[in-house]
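Work through the exercises below with the sequence and the structure at hand. Try each task before reading its solution.

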Amino acid sequence: MPVNVAVYGLGPIGSLIAKKVLEKKDLNLVAAFDVAPEKVGKDLGEILQLGNKIGVAVEHDINSETVLKSNNVDIVLHSTSTYLDKIYPQIVRCIKSTADVISTSETLCNPWYRYPELATLIDEMAKKYCVTVLGTGVNPGFIFDTLPATLTSVCTKVEKIHAIRSLDASKRRFSFQKKYGLSLSVDQFNELLNRGQITAHVGYAESIDMLASALGVKLDKIIEGQEPLIASKPLKTDYFNISIGQVSGIHGYGIGYLNGKEFIKVELFAEVGREEYEEIRVEGEPPLTWKSHGTSGDIATAAMVINMIPKVLNAKPGLIRMLDIPLPSAFLKLNIG
Ligand SMILES: NC(=O)c1ccc[n+]([C@@H]2O[C@H](COP(=O)([O-])OP(=O)(O)OC[C@H]3O[C@@H](n4cnc5c(N)ncnc54)[C@H](OP(=O)(O)O)[C@@H]3O)[C@@H](O)[C@H]2O)c1
């Protein structure tokens, strides 16, 4: 039986998820939600610029519970925003419709870290309605948490983990470049970041806390921070012209301390023109270095969300994290137990 899927939020990530769902024959895309007046009421095929209608009208967020129920939606793929307090009512509507949820919300990846009370409420409600809720994505969800946790499987001792992600911000979507403050002055960047009007990356601490939890250790403390990187020559992306002295990207970090020493360090360099790679170094027995040539963030996020569908459909009810599911992997054919 194909699984009935809804897509909640039709920005660049939600739209990409929807397109990839349409390519999977085991998945039946039956509903879609957004709030933007230019999207609500239109056929999803039109919003995704497929060149044909697909018979799914985009519904407004406020109607989601009813629409999810009437379409017998099994699982909602949710990608509207980052902070759990903002998306909480959306998640509640999905749960009450009795659909499972996979969300790209960075803070829902490990919600007990920043929103313990909301996490408990969601967990209790998910159990009551017998559904599973998971937050995931490329990062948080994989590069700074699930991947290093998996790599340590071959170590008998782990003394320190250092994960670095370096990416070319010019290759990313408009909403990414905007939230990383490209072309702002340093003062504007700091002011907007402090006011929460831009966020750059969210989730350093969520990833570190989740990784520590996978290793079974309780950290003394976690610190995190982000600073702008400054253009030393004029730069151009599809969306921004950056002059010398303006923001060309960010360096962000999180550090988890164990027994007073750095135990987990994650670092992000996201800048226009930057070399793309991820590197994970584990100091321990045996020491280990893993390096990639970069992971394309948007498609990887869509992949993580879609690939977790069978894992979530097979999972126990409640609010879960990546470390609560069996080995993450792609799925080529749905196998629901
Ligand atoms: N974990 C990860 O690795 C990862 C990776 C990529 C992205 N993300 C996160 O995933 C989210 C989506 O990314 P994006 O770039 O597509 O963001 P975006 O450009 O902000 O798009 C979000 C879409 O959701 C719509 N929306 C807002 N509130 C809604 C609501 N209450 N109900 C239904 N739709 C609503 C927005 O409409 P309006 O435009 O009208 O507001 C917009 O169309 C972001 O929070 C992003 O940070 C996480």
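The model is predicted, so local features need pLDDT of at least 70, side-chain atom pairs count only at pLDDT 80 or more, and totals for chains, interfaces and linings use all residues. Residues are numbered from 1 along each chain as its sequence is written, and side-chain values use heavy atoms, with hydrogens and water left out.

**Exercise 1.** Classify the aromatic pair of Y8 and F33, and state which parts of the chain the pair ties together.

Solution. Step 1: recall that rings of Phe, Tyr and Trp (its six-membered ring) pair if their centres lie within 6.5 Å; planes under 30 degrees apart count as stacked, over 60 as edge-to-face and the rest as tilted. Step 2: the centres of Y8 and F33 are 5.0 Å apart, with 35° between the planes, and the pair is tilted. Step 3: Y8 lies in strand β1 (residues 3-8) and F33 in strand β2 (residues 27-34), so the pair ties together parts that are 25 residues apart in sequence. Strands here are DSSP runs (E, at least two residues), numbered from the N terminus.

**Exercise 2.** Are F174 and F240 buried, partly exposed or exposed?

Solution. Step 1: buried means under 20% relative accessible area, exposed over 50%, partly exposed in between (1.4 Å probe, protein chains only). Step 2: F174 has 39% relative accessibility and therefore counts as partly exposed. Step 3: F240, at 16%, counts as buried. Step 4: ring pairs link F174 and F240 with Y239 into a cluster.

Definitions and conventions: Helices (H or I, at least four residues) and strands (E, at least two) are DSSP runs, numbered from the N terminus.
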